[in-house]
Amino acid sequence: MRLSNIAISIVCVYAASALMKLGNEKYELVKADFGIAGPLFILATGIFLVILGIVVFFRAFRKA
């Protein structure tokens, strides 16, 4: 079990949740500044970070 991978996983999921919360609360502002690409980029980045967090979490428990 690798504690560093678990820590990275927690940070990735936390960053994704903070990013998604920002995108939800400031949707109109982001859309006004960047067009539809802004909210879509926030969504894609959040999904990527969650998937990365899950993959790193599973790698923490893989046998070496």
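Ring pairs tie Phe-57, Phe-58 and Phe-61 together into a cluster, where Phe, Tyr and Trp rings (the six-membered one for Trp) pair if their centres lie within 6.5 Å. The model is a predicted one, in which local features need pLDDT of at least 70, side-chain atom pairs count only at pLDDT 80 or more, and totals for chains, interfaces and linings use all residues. Numbering runs from 1 along each chain as its sequence is written, and side-chain values use heavy atoms, with hydrogens and water left out.

The structure holds 2 aromatic pairs. In one of them, the rings of Phe-57 and Phe-61 sit with centres 5.2 Å apart and planes at 70°, so this pair is edge-to-face (planes over 60 degrees apart; under 30 is stacked, the rest tilted). Phe-57 is partly exposed at 36% relative accessible area, and Phe-61 is partly exposed at 45% (buried is under 20%, exposed over 50%, partly exposed in between, with a 1.4 Å probe and protein chains only).

Turning to the helices (DSSP runs of H or I, at least four residues, numbered from the N terminus), H3 has 24 residues and reaches 34 Å from first to last C-alpha, close to the 34 Å expected (1.5 Å times one less than the number of residues). Buried residues of H3 include Gly-46, Leu-49 and Gly-53, and the buried residues of H3 pack against H1 (3-25) and H2 (contact means heavy atoms within 4.5 Å).

How values were computed: Helix = DSSP H or I, 4+ residues; strand = E, 2+ residues; numbered from the N terminus.
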